[in-house]
Amino acid sequence: MPKITIIGAGSVEFTKNVLADILSFPELKGSVTVALHDIDPERLATAEAMARYTNEATGAGATIESHLDRRKALDRTDYAINEIQVGGRAGLLKDFEIPSRYGLRQTIADTLGIGGIIRGLRTLPVMIAIGNDMADVCPDAYLLNYTNPMAQVPWAVYAGSRFSRVVGLCHSVRDTEEFLAKTAGVPQQEIAYTTAGLNHQAFVVRFERRGEDLYPLIDEAIARDPEGLGRRVRVEIYRRFGSFPTESSEHSAEYVPWFMRHDEMIERFRIPVDDYIGRTSESLADYREIERKLATGEDFAIEPMSELASEVIHSIETGKLRRIYVNVRNG
């Protein structure tokens with residue numbers, strides 16, 4: 001009977017998506033314990049209500065637990081899914097507002113530059129503490145991390161705690177491969193990929209169908225659409241380096257010094273300065289809507305999303321083979 005702990009379960013929309021997957025797997029019905037942890041009592045209560053709703057809607061027969069105490073939530077768990085944001089939205093706003101006073105523009109601010117540094121300084125001590133908790137109460141578990149800065153977080157757990165069974169999960173590789181297949185006009189199931197790099201800067205170094213290089217089809221698509229595809233940061237990086245980057249243009253714009261320092265480049269490549277602030281506003285609105293529906297008893301759809309963490313868990317528990325790109329130590 002696997003126990004799955006969600007740390008930062010108050011990120012309710014994400015929790016909903018992960019549980020929609022896990023609780024829909026027929027092989028896991030009646031055998032899963034889900035432990036939810038958050039430091040915010042209100043959000044934890046909403047997450048618990050969502051988990052119980054999902055459990056009932058899927059008929060999964062899971063056992064649902066809710067804990068403000070992190071070690072209790074982690075005790076004897078098999079999988080810990082981490083989705084915390086240390087400092088919450090208030091911390092995020094400072095990551096943008098303070099650098100902006102000195103003329104520094106950012107889009108996402110969660111990986112490189114001052115935004116990534118400050119987020120790392122907030123987040124890494126908490127992640128090291130989580131690693132040490134897991135070394136004490138669930139040493140054989142897996143820590144499946146979604147929290148950014150991704151490359152820093154697993155590294156900190158490896159280097160700073162007594163726990164090492166940690167991998168980082170990010171949607172960028174899967175999303176990019178889907179985007180390239182669509183752009184090339186080739187069914188994704190027919191394509192062979194190899195992607196290499198680190199988070200958030202990997203490159204698709206092989207993009208083929210039955211041994212045929214498909215990059216010429218991408219070149220043709222870009223040539224046909226100079227005002228659409230041609231005005232994307234990641235496409236410009238592809239032109240310069242010859243392999244397509246896995247990161248969105250919003251991410252990529254702040255990773256190299258060519259773009260955001262120059263007003264004409266921001267206009268040319270349509271770079272959305274402060275983009276992540278708007279995304280968090282949308283996430284907060286989504287949370288409030290879920291909270292409202294749960295409070296009023298209004299139904300809403302529970303749809304499996306093929307989240308990476310749920311696929312990792314399902315493959316380990318059932319032996320089903322999958323190829324999933326994750327962040328691991330270069331050992």
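Reader: What volume does the second largest pocket have?
Author: The second largest pocket comes out at about 570 Å³. Keep in mind that this is a predicted model.

Reader: And which residues lie nearest its centre?
Author: Those are Gly-197, Leu-198, Asn-199, Asn-327 and Val-328, out of 23 residues that line the second largest pocket. As for elements, helix H6 (152–160), helix H7 (172–184) and strand E7 (192–198) each give two or more residues to that lining.

Reader: How does the lining of that pocket split by class?
Author: The second largest pocket has 13 nonpolar, eight polar and two charged residues in its lining.

Reader: Which residues line the largest cavity?
Author: Ile-84, Gln-85, Val-86, Arg-119, Arg-122, Thr-123, Thr-147 and Asn-148 do. Sorted by class, that lining of the largest cavity has two nonpolar, four polar and two charged residues.

Reader: Let's zoom out. How many helices and strands does the protein chain have?
Author: The protein chain has 13 helices and ten strands. Along the principal axes, its C-alpha atoms fill a box of roughly 55 × 50 × 45 Å.

Reader: What share of the residues counts as buried?
Author: 50% of the 331 residues of the protein chain count as buried.

Reader: And what share of the contacts comes from residues 24 or more positions apart?
Author: Such residues account for 71%, taking the contacts in the protein chain with a separation of 6 or more.

Reader: Switching to charges: how many salt bridges are there?
Author: Searching the whole structure gives 22 salt bridges. The general idea is that side chains of opposite charge can pair when their charged atoms come close.

Reader: Give me one. Which residue does Arg-52 pair with?
Author: Arg-52 forms a salt bridge with Glu-48, and their closest N and O atoms are 3.0 Å apart.

Reader: Where do those two sit relative to each other?
Author: Both are in helix H2 (residues 41–58), and because they are four residues apart there, about one helical turn separates Arg-52 and Glu-48.

Reader: Are they buried or exposed, or in between?
Author: In between. Arg-52 is partly exposed, with a relative accessible area of 41%, and Glu-48 is also partly exposed, at 23% relative accessibility.

Reader: What about Arg-76, which residue is its partner?
Author: Arg-76 forms a salt bridge with Asp-75, with the closest N and O atoms 3.5 Å apart. Arg-76 has a relative accessible area of 67%, so this residue counts as exposed. Asp-75 is partly exposed, at 29% relative accessibility.

Reader: And which residue does Arg-206 form a salt bridge with?
Author: With Glu-208, where the closest N and O atoms are 3.5 Å apart. Arg-206 is partly exposed at 31% relative accessibility, and Glu-208 is partly exposed at 23%.

Reader: Last one: which residues do salt bridges with shared partners join into one network?
Author: That network holds Arg-70, Arg-71, Asp-133, Asp-136 and Arg-162.

Technical notes
Residues numbered from 1 in each chain as written. Predicted model: local features only at pLDDT ≥ 70, side-chain atom pairs only at ≥ 80, totals over all residues. Heavy atoms only, no water. Salt bridge = Lys/Arg side-chain N within 4 Å of Asp/Glu carboxyl O. Buried < 20%, exposed > 50% of the residue type's maximum accessible area, 1.4 Å probe, protein only. 1 Å grid on protein atoms, 1.4 Å probe; cavity = no way out; pocket = protein on both sides within 12 Å on 5 of 7 lines; lining within 4 Å. Nonpolar A, V, L, I, M, F, W, Y, C, P; charged D, E, K, R; others polar. Contact = heavy atoms within 4.5 Å. Points joined across faces, edges and corners; volume = space filled by probe spheres on them.
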